[in-house]
Amino acid sequence: MTDTVVAAAARVAPAVEPLLRVVNVVKYFGAGVGASVKAVDGVSFDILPGETVGLVGESGCGKSTLGRMITQLLPVTSGEVYLDGVDITKLHGEKLRQQRKQLQMIFQDPYASLDPRMTVGDIIAEPLVNFKMISGRAKDARVQELLRTVGLNPYFNNRYPHEFSGGQRQRIGIARALALNPRLIICDEPVSALDVSIQAQIINLLEDLQREFALTYLFIAHDLSVVRHISDRVMVMYLGKIVEVAPSEDLYTSQEHPYTRALLSSIPVPDPRIESKRRLVELSGEIPSPLNPPSGCRFHTRCPIAQVPGVCADVEPPLELKGAGHLAACHFSEQVRTKIAITV
Amino acid sequence: MTDPILEVRNLSTHFFTDDGEVKAVRGVSFSVEPGETLGIVGESGCGKSVTAMSVLGLVQRPGKVVGGEIMFKGRDLLKLTKEELRNIRGRDIAMIFQDPLSSLNPVLRVGYQIDEAMYAHDKIPRSDVERRGIDLLKQVRVSDAERRIKDFPHQFSGGMRQRAMIAMGLSNKPDLLIADEPTTALDVTVQAQILELLRDLNEQTGAAIILITHNLGVVAGLCKRVLVMYAGEIVEEGTAEQIFERPQHPYTWSLLRSVPRIDASRGHRLLSIEGLPPDLIDLPQGCKFNPRCPFRVERCFTESPPIEQVAPAQHAACWVTMERAYAEMGAGTITDTSPGAASGVHPAGRRLPAVEVPAAIGEAVGD
């Protein structure tokens, strides 16, 4: 199954080597004797250089765990993570450290992710110091350059995080992530803690930086509107599995998985006319426990078109190609748009 | 015309902190008709929650309502004793909060807490309370209500807890339900269910709803009329159609263009609002939005614009208004949203926000 996914992804852009290749990654957390939380359960995907790939899903779907495994902040239970062709799950110590330079992370909470006792200059310079890349006056110059890059006053380097607002702190976190000239940045809910008017500033900044420094992003968020805006492709996760991967243009018009369609139907649009025509796809029950996920298709317990008893409860649908660059894991993907109405 | 059930006139609430007087709400006036759904939108610190807390008499020290009237069914809530207010709160006006877990007592059964709200007010006959508790839980669509009513809050999911809070709020058949960010802590599919529930309950029970949120989409789906707050003041008021389709205040207009929409075609750039909301201790002179407004004119720096009618049922507090910004400043095609960008007004010596590099300050002074 994994091979078909990788092959399918390769078919989309055969000429370019992926910058990140995630192969059948699994994360189980121990939960007492014999039990385990299957947080991420066999996920594979590629990210090409310069691409922004969005990862969206509800709380507990495993999206942040996946991000943390890619950065090796969490060890994988099994599977491989290739960064620029090197499997970083097999690296340790200095080798891992050197390879990981190419990969940085931006965190959700701009208050918790900056050390309150360090100056902004020291926070941004810390990666440079860690890798003994630069020191003295050159370091200060680099810090000021980075501050200017993220739209902050370069002379703020001696200030402390508490002197900045949430949006400005997120800029500091971005400057720190840029310090080592990484190729891939994992953005884990980078704007969800920010106010609406500040979110746009940060989204625009991330887009500008991508263009300027040829960055590749994995953009993890629960807000499908934000994810779709910034991403070239969007991956939808449900209960530890990727259920759909679609080019962002296609996502709003054609969904191949019932969960994606339900998710889309729940998103309020700031337009009362559209809102009055929107029809919510009501999902029955609650998200099942990842301790004991449902058999077959994990979504079958809540799916409006599942055939139960039948194939949906018995056979796990593979994530397979449904259209140009469009993958979904559903036995009845051709019925998703005809049988599930999202407008009245 | 029916009489409004709630009429807030010139409400001001300040917080007296060690750093100074935080003028959180200043001169806010609005009314709510029976059965109406009113949305109050704005960002954190705009005063939307403090306004609701003031209505319910829940503002705590160092905060204080320093002026205004809150008329509820002909009585000024600010003139009532604590006891009289307690008789209205939870009975005629109910409130639900953002975080349903911290609003529920973890050691008491959900059913007990719903019943308690009814016993406290004696509006529902005592013999009916238990039966009504189960009916309420059914009404808010908790499945297997007879069994679940005996559960403790930790046995409920986030969405079910919020349903239980709504059941509690509705228990005494209130005339007005104030919902402060009721779906912000919930996942998007659960949020949609809660909003649908509120919409149905509004139709079935006729209770008016004030929905306080930062999410413009949520307001568009539920509310017929909308207030937009910025820095402690109402900057615009109108029907949902007016606010979303023909906003007249540059803040409302900018806010709508700064959020990515799921139905938008990709590739367009978001119009961000530069800078930060003002410090409520040290407010700017004139219009409070002028330090961030692309359409500001000279007058905006010195005189605070009053809220005036701009269309039938629509009011805005702006010297320019978007109608003029479209006609004279090319608002329809702007890409630069920095302060004064569309109007070209950068008064000499005015410091630009910190995000600008020093070179830009030099240019602005040169103007």
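Colleague: In helix α4 of chain A, which residues are buried?
Modeller: This is a predicted model, in which local features need pLDDT of at least 70 and side-chain atom pairs count only at pLDDT 80 or more, while totals for chains, interfaces and linings use all residues. Residues are numbered from 1 along each chain as its sequence is written, and chains are lettered from A and ligands numbered from 1 in the order in which they are written. A residue is called buried if 20 or more other C-beta atoms, placed from the backbone, lie within 10 Å of its own, exposed if 12 or fewer do, and partly exposed in between. Helices (DSSP runs of H or I, at least four residues) and strands (runs of E, at least two) are numbered from the N terminus, and in α4(A) the buried residues are A:V120, A:G121, A:I123, A:I124 and A:A125.

Colleague: Against which helices do the buried residues of α4(A) pack?
Modeller: Packing is judged here by contact, that is, by C-beta atoms, placed from the backbone, that lie within 7 Å of each other. The partners of the buried residues of α4(A) in chain A are α5 (136-149) and α6 (166-178).

Colleague: Why does A:V120 count as buried?
Modeller: A:V120 belongs to α4 of chain A, which covers residues 120-130. Leaving aside residues up to four places away in sequence, A:V120 touches A:F156, A:N157, A:R159, A:P161 and A:I172. A:V120 is buried because the other C-beta atoms within 10 Å number 25.

Colleague: How far apart are the C-alpha atoms of A:V120 and A:R159?
Modeller: A:R159 is among the residues that A:V120 touches. Although the two residues are 39 residues apart along the chain, their C-alpha atoms are separated by 5.9 Å.

Colleague: Which residue of β7(A) stands opposite A:Q104?
Modeller: Strand β6 of chain A, residues 103-106, is covered on both faces, with A:L103 and A:M105 buried on one side and A:Q104 and A:I106 buried on the other. Strands pair if DSSP finds at least two bridges between them, and β6(A) is joined by 4 bridges to the parallel strand β7 (residues 184-188) of chain A. In β7(A), the residue opposite A:Q104 is A:I185.

Colleague: Which helix supplies the largest share of the side of chain B that touches chain A?
Modeller: The contact between the chains takes 37 residues from chain B and 39 residues from chain A. On the chain B side, at least two residues come from each of α8 (188-205), α9 (216-222), α10 (240-245) and α11 (250-258). The largest share, 6 residues, belongs to α8(B).

Colleague: How many nonpolar residues has the side of chain B that touches chain A?
Modeller: Ala, Val, Leu, Ile, Met, Phe, Trp, Tyr, Cys and Pro count as nonpolar, Asp, Glu, Lys and Arg as charged, and the others, Gly among them, as polar. By these classes the side of chain B that touches chain A has 8 charged and 11 polar residues, while its nonpolar residues number 18.

Colleague: What radius of gyration has chain B?
Modeller: Chain B has 13 helices and 12 strands, and 50% of its 367 residues count as buried. The radius of gyration is taken over C-alpha atoms, and the globule rule is 2.2 Å times the number of residues to the power 0.38. For 367 residues a compact globule would have a value near 21 Å, which agrees with the value of chain B, 22 Å.

Colleague: Over which residues of chain B does pLDDT stay under 50?
Modeller: On pLDDT, the predictor's confidence in each residue from 0 to 100, chain B averages 90, and 94% of its residues score at least 70. Where pLDDT is low, the predicted coordinates should not be read in detail. The stretch of chain B where pLDDT stays under 50 is residues 351-367.

Colleague: Is B:D122 buried or exposed?
Modeller: Most residues other than glycine have a negative phi, and most peptide bonds are trans. B:D122, in the loop between α4 (110-121) and α5 (129-139) of chain B, has a positive phi of about 55 degrees although it is not a glycine. Because B:D122 has 12 C-beta neighbours inside 10 Å, it counts as exposed.

Note on methods: Two residues are in contact if their C-beta atoms, placed from the backbone, lie within 7 Å.
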